[in-house]
Amino acid sequence: METDSGRMESSVWLGNKRHRALLSGWRFSWTELDKKNRDKNTISLPVSEVVAVMEGQVEIQPQKKVKDTDRDFTLFYVKRSNTGSGKAPLWSLGRSQFCCPSRDLRDQWVTQLRIALKTHCPSRPHRLLVFINPYGGKKKGKQIYHSTVAPLFELAGISSHVVVTERANQARDHILKKDLTGFDGVVCVGGDGMFSELLHGVIGRTQQEAGVSEHDPCVMLQPCDLHIGIIPAGSTDCVCFATVGVNDPVTSALHIIIGDSQPLDVCSVHHHSTLVRYSVSLVGYGFYGDVLAESERRRWMGPLRYDYSGFLVYLCNRSYQGIVQYLPADSQITSPRDNSRCLSGCRVCSESTERLFPRSESSSSLYSRQLGQYSIESEGEWLSVEGRFRCVSLTCMSSSCPRSPKGLSPSAHLADGTGDLILVRNTNPLGFLTYLHRHTNTQDQFDLPFVEVHRVKAVRFSFPPSEEADDEDGPKESRNIPAGIPGDPEMLSDAGDVESGRLGSQQCLAEKRREQGMKEKGRKKRDYLCGLCSSKRSATSVWNCDGEILPYSEILCRVHGQLVHLFARGIEEDTVSRKYHEGSRNCQGRCILHN
Ligand SMILES: CCCCCCCCCCCCC/C=C/[C@@H](O)[C@H](COP(=O)(O)O)NC(=O)CCCCC
Ligand SMILES: Nc1ncnc2c1ncn2[C@@H]1O[C@H](COP(=O)(O)OP(=O)(O)O)[C@@H](O)[C@H]1O
Ligand SMILES: [Ca+2]
């Protein structure tokens, strides 16, 4: 046995196999030894990925039971499993049970490992405020939290205060108004809408405390310290998927436990001089706005509502007139078509931190620099595109999700202070289908003649004056999407009966009245369906802002670099198979590296 500060080495047993355990600085490893004391397999992991060290033999699933044998300790840690080539690994809880030659040695191991945890993991959360949306996604939020997440938090020594929401915006209001002393982070169990509530609460509270006006699009918003965790239990789970690489509650719970930190760009959306909302994934007009509006009345369908509504809206074949102005980002640094991917430890994002928060500048000069950048100097740099669009989308991140594993903009960065503006001009139905379909395969969705993409710092959307005059829907600020859409079987069944003339001419009066009533009903429905699909009557769409319909059409969006932090680390490469090959070159025996 050998110990000195930060280093400890001894013989241990795992089952009936002798091993050499080694704690050296920020790594802990154990190597199986053969009968001649030669190294066989090594498992090595960074201390930062140790979840807990417990005395005795400890199980956590299915039931936590402790057998306190005095020479044993149990190590829980992050274990990765491959999900297929190119996909991020899933994380699960690894468990290894060590038996030491003496109780004294066992106690030393437990002490040293816990000291290493404190030293190398200073930013782990101890107390969390958890909000569960019981109605999100497949309505499994409570079950996911209590059966999967809570036992992991408990094991890691995290105490949590749980609020099961009873209404929309309860989580946001709680964060804005209640005392949050002692909490190291806030966590939502739900979908992107639930995340958005936490986002608004955290940003709003931080600005209130800093005395910053959120309404001014030129202001430098105060970056938020309180971390946000997401346990995916929603319909799209885009924010989780795009920042972790999978939508898996265990993986996300482990990222929270080990205190991972991922900065995230946020877009503020303004109408005239008022803040409307914040967004991290999608600010989308046209197709995505129509899909959202259509899907809201089909919430009962659960996550499938988006597929169904997407299909119906596609059949509508609509496009919208608009003027899109944008402030381009520095094209020397990156481009949305450079085929890069923002992965864990992304260099572009790390270098952006320096650019966004230069250490040498005082906060006041930083504020005026930002003001200058947006209000005066930049005016001349705005570019403008006018036309008919199938969709206009702005995203601060790739917006990958299970429906679209590459996302809306596969090379977008999570924390570079820019967003990607995607303009899909009007095209024929097959062209638009090709565009949509490319979100689901490896083909480049930007390599189409009617699509353009720009890396931007800000975007404005307005209507051409002539279009405003043409609009029969009244002011652009208040257009409501009518409920219902062509192709809706509910709607077409009655209308179909009337059209087909199935009701005969020898009917009694009552029948005739009924027929007339149905005709009237059918006519109304047909008019209504035609109205929805006709580009003349409904000249405008709505904005989908991370799953919320915006009440305004003319908006200004500005990207705020690294405004919030998530308990995540960005998308990991498929390290399991790669590390196996690298590791085996460096070890005498089989070498499995975890990091
Ligand atoms: C022929 C196949 C077509 C497939 C097209 C796939 C395109 C998918 C892009 C998805 C981008 C998602 C951006 C995220 C949006 C969410 O914030 C929002 C709300 O989510 P939630 O709170 O979980 O309900 N989701 C949507 O707006 C759904 C868009 C789906 C469009 C088909
Ligand atoms: N208890 C509740 N009752 C009704 N709506 C809620 C409740 N809690 C949260 N919400 C709202 O439900 C919306 C959808 O929630 P989310 O968790 O994103 O599920 P989904 O991904 O299925 O849309 C969010 O906008 C959120 O504000
Ligand atoms: Ca970005």
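This short talk goes through a predicted model of one chain and two of its ligands.

First, the ground rules. Residues are numbered from 1 along each chain as its sequence is written, chains are lettered from A and ligands numbered from 1 in the order in which they are written, and side-chain values use heavy atoms, with hydrogens and water left out. Since the model is predicted, local features need pLDDT of at least 70 and side-chain atom pairs count only at pLDDT 80 or more, while totals for chains, interfaces and linings use all residues.

I'll start with the chain as a whole. It holds 15 helices and 25 strands; these are DSSP runs numbered from the N terminus, helices being H or I with at least four residues and strands being E with at least two. Of the 595 residues, 54% are buried. Buried means under 20% relative accessible area, exposed means over 50%, and partly exposed is in between, with a 1.4 Å probe and protein chains only. The accessible surface of the chain is about 26700 Å², and carbon and sulfur atoms account for 51% of it. Those areas come from the Shrake-Rupley method with a 1.4 Å probe, and for residues only the protein chains shown count as cover. Among contacts with a separation of 6 or more, 74% are between residues 24 or more positions apart; contact here means heavy atoms within 4.5 Å.

Next, the metal. Which residues coordinate the calcium ion, ligand 3? They are Asp265 (OD), Cys396 (O), His413 (O), Asp416 (OD) and Thr418 (O), at 2.2 to 2.5 Å. Donors are N, O and S atoms within 2.8 Å of the metal, or 3.2 Å for Na, K and Ca; water is not among the atoms, so sites may look incomplete. Along the chain the donors have the spacing D-x130-C-x16-H-x2-D-x1-T. Cys396 and Thr418 both lie in the loop between strand S19 (383–395) and strand S20 (419–425), so this pair ties together parts that are 22 residues apart in sequence. Both Cys396 and Thr418 are buried.

Now ligand 2. It is surrounded by 20 residues, the closest being Gly137, Thr165, Gly191, Glu197 and Ser235; a residue counts if one of its heavy atoms lies within 4 Å. That shell divides into three nonpolar, ten polar and seven charged residues. Here Ala, Val, Leu, Ile, Met, Phe, Trp, Tyr, Cys and Pro are nonpolar, Asp, Glu, Lys and Arg are charged, and the others, Gly among them, are polar. Helix H4 (residues 192–210) gives the most to the shell, with four residues.

As for individual atoms, a polar side-chain atom of Glu197 is 2.3 Å from an oxygen atom of ligand 2. An N or O atom in the side chain of Asn133 is 2.9 Å from an oxygen atom of ligand 2. Taken alone, ligand 2 exposes 560 Å², and the protein buries 85% of that.

Thr165 is buried, at 6% relative accessible area. Beyond its neighbours within four places in sequence, Thr165 is in contact with Ile132, Asn133, Pro134, Gln170, Ala171 and Met194.

Last, some backbone geometry. Most residues other than glycine have a negative phi. Asn317, not a glycine, has a positive phi of about 60°, and Asn339 also has a positive phi of about 60°. Asn317 is in the loop between helix H8 (304–316) and strand S18 (320–328) and is partly exposed at 36%. Asn339 is in the loop between S18 and helix H9 (347–356) and is exposed at 72%.

Note on methods: Polar contact = N/O pair within 3.5 Å; in protein donor to acceptor, adjacent residues only side chain to side chain.
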